[in-house]
Amino acid sequence: MPRNERPQWTEPSTQEVRLSWAEERPSWAEPSREGALDEDPPTREDVTIDVTTKEVRALNEDRAFNEELILQDERTRQEERTRQEERTLQDERALQNERARQEERALQNERARQEERPFRAFRDDQPPRSRHAFKDEQSFEQAEPARREEQPRWTEQQEWRPAEREIPQPPPQQPPPPQPHQQQPSPQQQQAQPRRRPAPVPVFTAPPRPPVTGRPTADSLDPESLLRGRRNAPSKGWRRLVYKASGGWIKPGEPPEVRRRRELVARARTPVTTGHHRVAVLSLKGGVGKTTTTVGLGATLAQMRGDRVIAVDANPDRGTLSDKLVLETSATVRDLLNERDQVKRYVDIRAFTSQAPSRLEVLASDRDPSVSEAFSGGDYQAVSQVLENFYSLCLTDCGTGLLHSAMGGVLGLADQIVLVSSPSVDGARAASATLDWLEAHHYADLVKNATVVLCSVRPRSKSAVDIRKLEAHFAARCRAVIQVPYDPHLEEGAEIDLDRLQETTREAYLQLAACVGDGFAGMGE
């Protein structure tokens, strides 16, 4: 083709390039109508930079996605490798167990083979014993003497016998003389009668020897000494944290306060050896907490023990013992006196008493203001004779006086007394005067075994009374002194609930119950 007829290349005009660039320009690059007059159109360099930024961002996202895939694959391989190692360990354990079982079976078979070897050798050495093993009778008769001579002869061993001891022989019994009218049995009848064995002769006729001191006996094999891991789990404190952190393998033991509380509970649960025990709660001065102490002590004993506990209001005037719990009946001690001959069972006497949530039963006094007859000592003795058949413990809330008739009946039957006082000068003098009066009227044994209770002791009181000196004074005259701290629940004067008391108050009543429980077994006598 000639050169002039070939198509010639021409440079595109500037206007065409611009039009093509404007057509390929994205929609976001177009200026808005509002700002078309104010903003300049983007240049080619700006568009190139924006496209390059998007590409770099896309590359970074692809790279991050690929790295995430690589990490997931690595985790999957690691988990698969871990599972394979666990399967390998399980297979090795199974092989070891199977190998151990095979070795054990081999040892058992070897022992059985060794035990069976002497008997098998003995059987193989002996000729056949049956006549069917021989061809004829003559060959059996010929082989029989030889077989007898070849049999092994076992050495004779001396048989074990117990050591011979001298057994005393009974004295010979002479037959009774025949009576003239009794017919003697014939020899045939004597042979037909069965022979009776004589009665056994007692061998151990000597009295038993006393046990040798210093040597272990059967009583020394108690669970506390034999069971090494028998310890109660701690309930609180750092001991509880150590016990939980070790999964129960480390048992630091119980704190001293827990062991002390267990000892107090054990003392409060002392069995009543006499079957019925009477505790008189008294005070010469009113308003010191005598009735509150009666209910607190009775509720603690009833809650800790399993037997029945009752509190009797023996105040000759209107008592307040029934105000300390919710009454279940309107019957009083006067109603029980009038109908005491009809009480035959525990169900009958429950019609006259009210029971608190702590299982303490209360026999209330007369609340009718029209009653003019006072509760006397004879009435108290009659009520006590009825109550001792159904209750193990009887707490008596006495009046404030010492010379009225009811107090004489209470003190005449009381096994021990609880003297209540306030931490004040007049309250302490009244309590000490009560002890003096009791000693002067032949109740020195009750004073010696008495328990003094100092009620409503405030720990941060501004009073100048020295509580230590008061405690030392009464401790020198009585068996124990207990301090009951101030409690807002007791100050209310309403029904007493042990769960609403403070921890220190419940601990004080538990100490009081333990001290009273020491007298149930006659420790103070």
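Which residues have the most contacts inside the largest nonpolar core? I started the notebook with this, keeping in mind that the model is predicted.

**Entry 1: the cores**

I found that the largest nonpolar core has 46 residues. Those with the most contacts inside it are Leu282, Leu336, Ile349, Leu363, Leu387, Leu411 and Ile417. Helix 11 gives the largest share of this core, five residues. Apart from it lies another core, of 37 residues, and I noted Leu325, Leu393, Leu498 and Ala508 among them. As background I wrote down that nonpolar side chains tend to be buried together in soluble globular proteins.

I then picked Leu411 and looked up its contacts, leaving aside neighbours within four places in sequence. Leu411 is in contact with Leu282, Ile417, Trp437, Leu438, Tyr443 and Leu446.

**Entry 2: helix 12**

Leu411 belongs to helix 12, which covers residues 405-413. I listed the buried residues of helix 12 as Ala406, Met407, Gly409, Val410 and Leu411. What covers them? I found that the cover includes strand 1 (277-282), helix 11 (377-387) and strand 5 (393-397). Strand 6 (416-421), helix 13 (425-440) and helix 14 (444-448) are also included.

**Entry 3: helix 13**

I turned to helix 13, one of the elements covering helix 12. Helix 13 has 16 residues and reaches 22 Å from its first C-alpha to its last. That is close to the 22 Å expected at 1.5 Å a residue.

Which residues of helix 13 are buried? I noted Gly427, Ala428, Ala430, Ala431, Ser432, Thr434, Leu435 and Leu438. The buried residues of helix 13 pack against strand 1, helix 12, strand 6, helix 14 and helix 15 (467-475). Just after helix 13, I saw that His442 takes a positive phi of about 65 degrees.

**Entry 4: strand 1**

Strand 1 had come up in the cover of helix 12 and in the packing of helix 13, and I looked at it next. How many of the residues of strand 1 are buried? The count is six of its six residues. On one side I found His277, Val279 and Val281, and on the other Arg278, Ala280 and Leu282, with both faces covered. The general rule behind this two-sided reading is that side chains in a regular strand alternate between the two faces of the sheet.

For the pairing, I noted that strand 1 and strand 5 run in the parallel sense over five bridges. The bridge partner of Arg278 in strand 5 is Cys394. Strand 1 also pairs with strand 6 in the parallel sense, over four bridges. There, Ala280 stands opposite Ile417.

**Entry 5: cysteines**

**Entry 6: salt bridges**

How many salt bridges does the structure hold? I recorded 17, and I looked at a few.

Arg305 forms a salt bridge with Asp307, and the closest N and O atoms are 2.8 Å apart. Both Arg305 and Asp307 are buried.

Arg350 meets Glu328 in a salt bridge at 3.3 Å, N to O. Arg350 lies in the loop between helix 10 (346-349) and strand 3 (354-355), and Glu328 in the loop between strand 2 (309-313) and helix 9 (333-338), so the pair ties together parts that are 22 residues apart in sequence. Arg350 is partly exposed, with a relative accessible area of 23%. Glu328 is partly exposed too, at 49%.

Arg334 forms a salt bridge with Asp379, with 3.4 Å between the closest N and O atoms. This pair links distant parts of the chain, Arg334 being in helix 9 and Asp379 in helix 11, 45 residues apart. Are Arg334 and Asp379 buried or exposed? Both are buried.

Technical notes. Residues numbered from 1 in each chain as written. Predicted model: local features only at pLDDT ≥ 70, side-chain atom pairs only at ≥ 80, totals over all residues. Heavy atoms only, no water. Buried < 20%, exposed > 50% of the residue type's maximum accessible area, 1.4 Å probe, protein only. Helix = DSSP H or I, 4+ residues; strand = E, 2+ residues; numbered from the N terminus. Contact = heavy atoms within 4.5 Å. Expected span 1.5 Å × (residues − 1). Core = buried A, V, L, I, M, F, W, Y, C linked by side-chain atoms within 4.5 Å. Salt bridge = Lys/Arg side-chain N within 4 Å of Asp/Glu carboxyl O. Pairing = 2+ DSSP bridges.
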